[in-house]
Amino acid sequence: MTDVTTDAADTRLRRSPLHERHTAAGAKFAPFGGWEMPLEYAGGGVLREHTAVRTGVGVFDVSHLGKARVTGAGAADFVNACLSNDLGRIGPGRAQYTLCCDDATGGVVDDIIAYLYADDHVFLIPNAANTAEVVRRLRAAAPASITVTDEHEAYAVLAVQGPRSAELLDSLGLPTGHDYMSFSAATLDGVELTVCRTGYTGELGYELVVPAEHATAVWDALFAADESYDVRPCGLAARDTLRTEMGYPLHGQDLSLDITPVQARSGWAVGWDKPAFWGRDALRAEKAAGPRRTLRGLVAVDRAIPRPGMTVHFGETTVGTVTSGTFSPTLKQGIALALLDTAANLADGDVVEVDIRGRRAQMRVTRPPFVQPSVK
């Protein structure tokens, strides 16, 4: 996700179908990926929302995320020949994290969740600001037998995340027993929706893909559940601290057209042996030669909060740049992801310094996640 509008010529922000519910809950809004989305809510803010997801259950409106559908004979094979991961590793009813890379450079156009319905049906969830570009590239490459449909505003997405998320959905009669990275069709009070065992917080969780016109009814049902669940609405600020604790990349910061999967240590999302995918030759060459920089984790030794764009030093040498940085509510420390020069030959445990507004703060190099995930 990136903080840019979807159309440079049109600065109007889109709104979620749940905008009125967020306003009523005292949300503070911010532009995000061309949408006006809740950043945090009254009654606790980021720290309380973050803690709710780590200890109980929180609900995020992530309807700004894109939705695109690829259909027609051979749709799955077509998507597999474009995107990085190997859809052949999964079957219908499963989801997969994958990347849309630039064919010439291997840089990341976007990171995407692909839902495989059938050989002739794949549903994609890209990031908000990149949806139009992902759809454009797929349409340009698609044969006449394949249809690529932009359904960005046709659906809302509600992320129900936290160790009590299954209990909450169980109480509403929604399915929860399916495996991680799989999905199931369901009905809630007559509303047909898809329950996906996915999320971006590192906790047990589900994402509900709901027709936009029924989003309010589903949101209300979640918050009308038994008070013992203490369901809390959560904004994008908490989502950012949660995903950073997991070391999950944010497109536009930790992945981009200038940051390849090899540099971002996302090679696990690449089907290296596939005969074709966008960026294959460039990425295989970079992997063979070794990247000039790699994404590493940093944990503050003293009291300091790193932020994106801050420079990283090792002795008198500048060795990299922070791409994501925040205060970890779980660890009570500053944490960061940073692109560090491989020539510096830094090992986990080495201490570097981050320039924070003219003051150098010591941070230890580590391998994410900073907090152990509990997605399963």
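User: How do helices α2 and α7 sit relative to each other, and at what angle do their axes cross?
Analyst: In this predicted model, the axes of helix α2 (residues 45-55) and helix α7 (residues 236-246) come within 8 Å and cross at roughly 55°, where axes are lines fitted to C-alpha atoms, for helices over the stretch in contact, and angles run from 0 to 180 degrees between N-to-C directions. That makes α2 oblique to α7, since angles under 35 degrees count as roughly parallel, over 145 as roughly antiparallel, 65 to 115 as roughly perpendicular and the rest as oblique. Helices (H or I, at least four residues) and strands (E, at least two) are DSSP runs, numbered from the N terminus.

User: Is the crossing of α2 and α7 left-handed or right-handed, and which residues make the contact?
Analyst: The crossing is right-handed, the term for a near helix turned clockwise from the far one by less than a right angle, with anticlockwise giving left-handed. On the α2 side the contact is made by V46, E49, H50, V53 and R54, and on the α7 side by A237, A238, T241, L242, E245 and M246, with contact meaning heavy atoms within 4.5 Å. Sorted by class, the contact has six nonpolar, two polar and three charged residues, where Ala, Val, Leu, Ile, Met, Phe, Trp, Tyr, Cys and Pro count as nonpolar, Asp, Glu, Lys and Arg as charged, and the others, Gly among them, as polar.

User: Switching to pockets, what volume does the largest one have, and what lines it?
Analyst: Its volume is about 1000 Å³, and of the 39 residues in its lining, Y97, Y200, Y248, P249 and W268 lie nearest the centre. A pocket is, on a 1 Å grid over the protein atoms alone, an open set of points with protein on both sides within 12 Å along at least five of seven lines, a cavity is a set where a 1.4 Å probe fits but cannot get out, and lining residues have an atom within 4 Å of a point.

User: Which element gives the most to that lining?
Analyst: Strand β7 does, with four residues, and the elements giving two or more are β6 (94-101), β7 (108-118) and α7. The lining of the largest pocket has 25 nonpolar, eight polar and six charged residues.

User: And how many cavities of 30 Å³ or more are there?
Analyst: The structure holds one, and the largest cavity is lined by Y180, R197, T198, G199, E203, L204, G205 and V375.

User: What about the backbone, where is the cis peptide bond?
Analyst: The bond from P368 to P369 is cis, with omega near 10°, and P369 lies in the segment after β20 (359-366).

User: What is the phi of D230?
Analyst: D230 has a positive phi of about 50° although it is not a glycine, and D230 lies in the loop between α6 (215-223) and β14 (232-234).

Key. Residues numbered from 1 in each chain as written. Predicted model: local features only at pLDDT ≥ 70, side-chain atom pairs only at ≥ 80, totals over all residues. Heavy atoms only, no water. Points joined across faces, edges and corners; volume = space filled by probe spheres on them.
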